[in-house]
Amino acid sequence: MRVLLVDNDDVSRVLMQHTLERNGFDVMSADNGNSALEMLLAHEGPCIAIVDPATHGSEGLDICREVRSSSNNPSVYMILLSSREAIEDMVTGLDAGADDYLTKPWNPKELAARLRVGERSLKMHDSLLRQAHFDPLTKLPNRAFLNERLAACAKEARENPGYQFTLLFVDIDRFKMINDSLGHSAGDELMKRISQRLLQVVRSRKTFPVGDERRRLGNGPSDMVARLSGDEFVVLLDHFADLEDGVQVANRIHNSLEKAFQVAGQEIFLSASIGISTSGGSATEASEILRGADNAMYKAKLLGRARSEVNAPTGNTAAVNRLKLETDLRRALENDEFEVHYQPIIDLNGCRITRFEALMRWRHPELGLIPPVSFIPLAEEIGLILPMGSALLRSACQQMQRWNSQFSNSVPATMCVNISPRQFIEGNLVRQVTDTLTETGLDPKLLELEVTENLTMKDAGLAGQVLQELSDAGIAVSLDDFGTGYSSLSYLLRLPIGTLKIDRSFVAGIEQSSESLSVVQTIIALGHNLGMKVIAEGIETEAQLSLLQMLKCDFGQGYLFSPALEPSKASEIFAKDRVDGPISGIYAMSQGLPATWVF
Amino acid sequence: MTPNLETADQVAVDLSELLTRLEGDRDLLQVLYDTFADQSEQTLKNLQFASQRDNFLDVQRHAYTLQGAFATLSCLRAKACSARLERAASRYDREAVGRELKRLEHELGIAYAVLERACMEVAA
């Protein structure tokens, strides 16, 4: 227990400190009222303050009044220690808010007894405060605590235009059914696990501070996860001005709850409906903002559960659009709206198709064909990239196997498939790839996985391990977008990488910029010196092609040859290449146009 | 000057009571005495300075501070004297303040002597 001594009489203070320390108290000391008040406002946890009522600066009685009138209701047990023995002085002290009154000289045994009373009182105060503010099952803040905090946040938002907060109303889907079937004891256990997962996705402390502990935490953002009742939670995102950020946290909650819960020997899968609202709109009262989130949650339930909905005041269109895109994306996976297109990669020396890069396209029922840049980042963020990537890999391997069987007399081509960071980190990639190869019958040598330079640098240890396992399984790896990251060459040398892909930004500049030309030349020389092949991306002009051929670049791809084509058109081009030999103007031909250039 | 009966009847320093409260810890007594000597010398100067300028508020404060120290060290007469000084200052009674301050200087000298001797006895 901490004790703060406030006395400008050095003799008293020295003796008191000695006695308290001998009795195991953690003693803080102040010789004037102002610094004492500062310490009382900044200290951690409950505290006993022994204050001389006539302390200089801010008088001891003022300290009592300040502490007692503080809205934070700090856990401080105040003992006045005075040289004045008159009854009036004692009454004045107790009326000012002191819990006890002692006179000098004090007796050590009497003091120890009074301190024990103080400790008991503080414990009781803390216990009552916790009972009033926390849910006994999950230990999360309860509705009362949330309301208290919400009111403070709403007030802050009204008074300070720079401050906003966001609320997520989280309702666990079909929890009653789970509770009824598992029994209430298992239901309680599940509720505790859910609470833990919710806490993991926000910037919240596991134990939320009460009373004066709150002041200690200062003004930094502090999110709160509160349990309202049964299966309802509210997440308060402090200092969140952007509703889109709220959507991202909601996505993290969806992802977190998707993972199976192990309770009572059973594997339980859950989802949640989440309503999101923010303080930025017309609603300024805490209850209105909470009601907005609640309404949005009900909308999410009505629209099929396991989703988020935004209670969007004007000005939140970006967040609404994003949420719509996310919903469409989830539906697209169920409705098989993704297509794999194939872009030929040409051997710049022999002028033949040697590889295809498999690229995902989304055929949106209303918006038509959507390029990857518009949806892959979101899919990556919300975790959909894992099933999407898996489907892409399977389709690409099946297609390549089909083509190579079709032209079994020719040199087989290789299929290149991009791997996202999330697949690399979470997806048990090696197992997934080898299973797919077994399932489709494609020779591992005819599959090349493309990983980005940044991905390999982000977690070098993991990258090295996974790439080595892929290499051991006979699967080649190429380094995509090379030159845009910050690869260490010594590190690069150690990785089992077979091919470097020069980023299109360098290729685009080689006609006009000697710097770009030098970079491309250097990458090609580097790749060859390390025993790698080099592919140039984004070749669009004949001049670029000529320069790359001159620099002995091995392979190229780009609109000069062909964009990514849907499977039937890609089949046609591949067939012509394999049957007729080197072809001219692949792209032009695929479009039924006259060839614009000749290999 | 007529001696104050209350002051005259009291023991200057109740060493027995003090040592009981300190549970016989004579090292602690030495620490307290050293602290007291440093503090009281400065506080007395502050008192004299405030008294010369009729700064009764400061006289009250410093007298109160000394009261605490005297009480802690069982210096009964000095404590009573500083209490009277504080009260006199609260009445803005310049004459009484001057009188009690002189008595306090006297009692302080006695308190020093008794406590110092007690500490020396300990050391011996």
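In what order do the elements of chain B run from the N terminus on? The model shown here is a predicted one, and in it the elements of chain B follow the order α-α-α-α-α-α. Chain B has 124 residues, of which 51% are buried. Its contacts may also be considered by separation along the sequence: of those between residues at least 6 apart, 69% join residues at least 24 apart.

The average pLDDT of chain A is 84, and 89% of its residues score at least 70. Over residues 204–220 of chain A, however, the pLDDT is below 50, although the model gives this stretch 48 contacts beyond near neighbours in sequence. Residues 587–599 of chain A likewise have a pLDDT under 50, and for them the model has 33 contacts beyond four places in sequence.

The meeting of the two chains can now be examined. The size of an interface is often given as the accessible area lost when the parts come together. For chain A and chain B, the area buried between them is about 1,900 Å², with 59% of it on carbon and sulfur atoms. On one side, 24 residues of chain A take part, and these are in contact with 22 residues of chain B.

Three salt bridges are counted between chain A and chain B. A salt bridge is formed by A:Arg22 and B:Glu23, whose closest N and O atoms lie 2.5 Å apart. On the side of chain A that touches chain B, helix H1 (10–22) and strand S4 (76–82) of chain A each supply at least two residues. H1(A) gives the most to this side, with seven residues. Sorted by class, the side of chain A that touches chain B holds nine nonpolar, seven polar and eight charged residues.

A:Gln399 lies in helix H14 of chain A, which covers residues 385–406. Why does A:Gln399 count as buried? A:Gln399 is classed as buried because its relative accessible area is 7%, and the cut-off for buried residues is under 20%. Apart from its neighbours within four places in sequence, A:Gln399 is in contact with A:Tyr342, A:Pro567 and A:Ser571.

Terms used
Residues are numbered from 1 along each chain as its sequence is written. Chains are lettered from A and ligands numbered from 1 in the order in which they are written. This is a predicted model: local features need pLDDT of at least 70, side-chain atom pairs count only at pLDDT 80 or more; totals for chains, interfaces and linings use all residues. Side-chain values use heavy atoms; hydrogens and water are left out. pLDDT is the predictor's confidence in each residue, from 0 to 100. Contact means heavy atoms within 4.5 Å. Buried area is the accessible area (1.4 Å probe) that two parts lose on being put together, summed over both. A salt bridge is a side-chain nitrogen of Lys or Arg within 4 Å of a carboxyl oxygen of Asp or Glu. Helices (H or I, at least four residues) and strands (E, at least two) are DSSP runs, numbered from the N terminus. Ala, Val, Leu, Ile, Met, Phe, Trp, Tyr, Cys and Pro count as nonpolar, Asp, Glu, Lys and Arg as charged, and the others, Gly among them, as polar. Buried means under 20% relative accessible area, exposed over 50%, partly exposed in between (1.4 Å probe, protein chains only).
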